[in-house]
Every structure is written in C-alpha cells, then in structure tokens.
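This briefing goes through one protein chain, topic by topic. Please look at the sequence and the 3D structure before reading on.

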Amino acid sequence: MRRITKPRTEFAKRMIAARQHAGLTQHQACERLGISQGTISLLERTGESTSMLMSFAKLYGVNPGWLYSGEGGMLPKAEVSRYSHDAEALAAAFDEISDP
C-alpha cells in the first residue's frame, strides 16, 4: 500500500533552513527547547506556525518575521549589518592590492 505524503509547507522549509543555519540537529534543538523531537519533525514537515516561534527564532538566531512569513531576511538586521561591514572591509582590502 502506497503512503501519501503531503508536500512540505513553506513554513516547514524555513524551519529546516533556520535549524541548519544554527548548525543543530532536531535532537539538539528539542533538548534545548524542552520539547519532543516529534514536535520539531512535524513542524519541519507540515507545520504552518507555532506558539513557540520566538523561542525557535532565538535558538536558531534568525529573524522571527522571516521564520513566520518568509518576509524580510533570514538573519536579524544586526547580524546582516555585521556581515555587510565585513564584506565592505574585504572589498576595500582587495581594492588596495595593486596589479603587478
């Protein structure tokens, strides 16, 4: 008998991306949040949202608005700014390199 599976929701895809960004397994995330692995697994398959959204966003280090709706960037603005500054410094260093 063939099992019918529902496609992943967009929220579920963001949950996976956020957890991977944090470098955590489902098991590690559920231990830190005090929830079952089944809960995370369900959210990463067919979830639409969660009352623990802010807890997930904080643990994963992502923008809660992005995690909820997909709008805005994945990273909080402070972290984006930090990377933008690093990119500017790197570009400036490359500009200083003279061609032989």
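Which residues have the most contacts inside the largest nonpolar core? They are Met15, Ile40, Phe56, Tyr60, Val62 and Leu67, in a core of 17 residues. A nonpolar core is a set of buried Ala, Val, Leu, Ile, Met, Phe, Trp, Tyr and Cys residues joined through side-chain atoms within 4.5 Å. The model is predicted: local features need pLDDT of at least 70, side-chain atom pairs count only at pLDDT 80 or more, and totals for chains, interfaces and linings use all residues. Residues are numbered from 1 along each chain as its sequence is written, and side-chain values use heavy atoms, with hydrogens and water left out.

**The chain as a whole**

- The chain has 6 helices and 0 strands; helices (H or I, at least four residues) and strands (E, at least two) are DSSP runs, numbered from the N terminus.
- Read from the N terminus, the order of elements is α-α-α-α-α-α.
- Of the 100 residues in the chain, 28% are buried; buried means under 20% relative accessible area, exposed means over 50%, and partly exposed is in between (1.4 Å probe, protein chains only).
- The chain exposes about 7100 Å², and carbon and sulfur atoms supply 54% of that area. Accessible areas come from the Shrake-Rupley method with a 1.4 Å probe, and for residues only the protein chains shown count as cover.
- Among contacts between residues at least 6 apart in sequence, 53% join residues at least 24 apart; a contact means heavy atoms within 4.5 Å.

- In soluble globular proteins, nonpolar side chains tend to be buried together.
- The largest nonpolar core here has 17 residues. Two or more of its residues come from each of α1 (10-22), α2 (26-33), α3 (37-46), α4 (53-60) and α5 (64-69).
- Helix α4 gives the largest share of this core, 4 residues.
- Leaving out residues up to four places away in sequence, Tyr60 touches Met15, Ala18, Arg19, His21, Ala22, Leu24, Ala29 and Ile40.

- A pair of aromatic rings is described by the distance of the centres and the angle of the planes.
- Rings of Phe, Tyr and Trp (its six-membered ring) pair if their centres lie within 6.5 Å; planes under 30 degrees apart count as stacked, over 60 as edge-to-face and the rest as tilted.
- By this rule there is 1 aromatic pair. The ring centres of Phe56 and Tyr60 lie 5.7 Å apart and the planes are at 50°, so the pair is tilted.
- Phe56 and Tyr60 are 4 residues apart in helix α4, so about one helical turn separates them.
- Phe56 and Tyr60 are both buried.

**Helix α1**

- Helix α1 has 13 residues and spans 19 Å from its first C-alpha to its last, close to the expected 18 Å at 1.5 Å a residue. The expected span is 1.5 Å times one less than the number of residues.
- Its buried residues are Phe11, Ala12, Arg14, Met15, Ile16, Ala18 and Arg19.
- These buried residues of α1 pack against α2, α3, α4 and α5.
- Glu10 lies in helix α1 and counts as exposed because its relative accessibility is 52%.
- Glu10 and Ser69 are 59 residues apart in sequence, and 8.6 Å apart in space from C-alpha to C-alpha.

- Which is Glu44, buried or exposed? Glu44, in helix α3, counts as buried because its relative accessibility is 2%.
- Apart from its neighbours within four places in sequence, Glu44 is in contact with Arg8, Ala12, Met15, Ile16, Arg19 and Gln26.
- Glu31 belongs to helix α2 and counts as exposed, at 54% relative accessibility.
- The side chains of Glu31 and His27 make a polar contact (3.0 Å). A polar contact is a pair of N or O atoms within 3.5 Å; within protein, one must be able to donate a hydrogen and the other to accept it, and residues adjacent in sequence count only if both atoms are side-chain atoms.
- Ser55 lies in helix α4 and is partly exposed, with a relative accessible area of 35%.
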